[in-house]
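Reader: I have a protein model open and would like to learn how to read its features one at a time. Could you take me through it slowly?

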Amino acid sequence: MSNYATSRWFRVNLWLHRWSSLVATIPFLILCLTGTVLIFHEEIDHALGHEPELHETLPEQQRPLAVAIDKVHAQFPGERVLSTSFDPEGHPGMQLLVTAPRDNTGFDNARLRFADLATGELVAESDPARTLTGFLLELHAQWFLGPVGELIGALIALLVLISLVSGMVVYAPYVKRVAFGVLRRSRGPRLLQLDLHNFIGALVLGWALVVTVTGLALGFGTLALGIWQMTELGPMREQVAAMQPVDSRSPPADADAAFAAAQAGAGEGWNVVTLILPDTEFSTPRHYTALLVGSEGVEERLFRVVVIDARTGELTLVPQVPWYIMAISLSEPLHFGDYGGLPLKLLWTACTWLTLFITANGAWLWWDRRRRRTSKAVAAEGVSA
């Protein structure tokens, strides 16, 4: 064990573990704190009144989608609906409408409005950027720097991943001479803190690897979508340039016709959840883009895309969703732990706080080691003098 602990491989990993952890300490602490709140984002938004409470509406009770869209355009003539969607689990009985200033094609300055599916009436609105969870999500995901901030987040995730992997290498000789879970309370605070660091780190290692790897993947989300837009929508937009565009606020084939066409071409077990209207960054001036999700298993976290002609209401294209987009789609629920109800959210919270402890605890161990070395050096100088 002593040869291993003094080997070059061990020393390199000890150096990597120490410095990758220290560099990532402060941003990682921020990510842990904001992530804890975001695990419960739905509950917090409901409690703060940012989202209305409605009851589930039966399909035969639902008003056409176009009713709410037309009401938005009538009440807010300076805006346009970019997309409309459903979330039966999080927002039962509601039609969600994302709106933006009339000339916008992007979703950066969008607002979220809610309509009662049974009546088509607008019942509430929300500006995600002005809510507590929206503010924390922008900090957690983008560091208030947009897509560049996402890449910074990916770099932080990479540093944490290096820390975790190198920590396993450093922990190997330790576990051979100290039984797992033993806390040496009688040998001073430093050894006790070291034992806690190793014990809790081993407990949450699997969870930490999952959250870190998924965080790394999510850091490339905007970049991946940009690549997909260029490779899939780019050539299609060039073809559409020769076609006659439609009025994005009132296309000849309304949202209900596009929804029906998308659902008809969806395939068994797949349902339309989001319809993006024409002339946005995720559609063309002539087409709707519909997003579909599966009804069971892992397909509930994946999606398919279909494109519908907004003039004829006919299905035009079913573009292939690349593997890297699929990987990012699967990463989000794993990262935030929002796919298993309250018990999983509580487990994610506990693991986050344990990770928060070992991050702060590791920084203290480094600081205490430096303090001891400095004290010994000062004492040695005093003796020599």
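Reader: Which residue forms a salt bridge with Asp 309?
Author: A salt bridge is a side-chain nitrogen of Lys or Arg within 4 Å of a carboxyl oxygen of Asp or Glu. Here the partner of Asp 309 is Arg 286, with the closest N and O atoms 2.8 Å apart. Asp 309 belongs to strand β7 (residues 303-309), while Arg 286 sits in the loop between β5 (270-276) and β6 (287-294), so the pair ties together parts that are 23 residues apart in sequence. Helices (H or I, at least four residues) and strands (E, at least two) are DSSP runs, numbered from the N terminus. This is a predicted model, in which local features need pLDDT of at least 70 and side-chain atom pairs count only at pLDDT 80 or more, whereas totals for chains, interfaces and linings use all residues. Residues are numbered from 1 along each chain as its sequence is written, and side-chain values use heavy atoms, with hydrogens and water left out.

Reader: Is Asp 309 buried or exposed?
Author: Buried means under 20% relative accessible area, exposed means over 50%, and partly exposed lies in between (1.4 Å probe, protein chains only). Asp 309 has 9% relative accessibility and therefore counts as buried, and Arg 286, with a relative accessible area of 10%, is buried too.

Reader: How many salt bridges does the structure hold?
Author: The structure holds 7 salt bridges. One of them joins the side chains of Glu 42 and Lys 345 at 4.0 Å, N to O. Glu 42 lies in helix α3 (residues 41-47) and Lys 345 in helix α12 (residues 341-384), so this pair ties together parts that are 303 residues apart in sequence. Lys 345 also forms a salt bridge with Glu 43, where the closest N and O atoms are 3.0 Å apart. Lys 345 is buried, at 5% relative accessible area, whereas Glu 42 is partly exposed at 31% and Glu 43 is partly exposed at 37%. Elsewhere, Glu 79, Arg 111, Arg 113 and Glu 125 are linked in a network of salt bridges.

Reader: Over the face of which residue does Arg 113 lie?
Author: A charge sits over a ring if NZ of Lys or CZ of Arg is within 6 Å of the ring centre and within 35 degrees of the ring normal. Arg 113 lies over the face of Phe 76, at 3.8 Å from the ring centre.

Reader: How many aromatic pairs does a search of the whole structure find?
Author: A pair of aromatic rings is described by the distance of the centres and the angle of the planes. Rings of Phe, Tyr and Trp (its six-membered ring) pair if their centres lie within 6.5 Å, and planes under 30 degrees apart count as stacked, over 60 as edge-to-face and the rest as tilted. The search finds 7 aromatic pairs. Among them, Phe 86 and Phe 259 are edge-to-face, at 5.8 Å centre to centre with 80° between the planes. This pair links distant parts of the chain, since Phe 86 is in the loop between β1 and β2 and Phe 259 is in helix α10, 173 residues apart.

Reader: Which elements do the buried residues of α4 pack against?
Author: For packing, contact means heavy atoms within 4.5 Å. The buried residues of α4 pack against β1 (79-85), β2 (94-101), β3 (111-116), β4 (122-126) and α10 (255-264). Helix α4 covers residues 65-75, and its buried residues include Leu 65, Val 67, Ile 69 and His 73.
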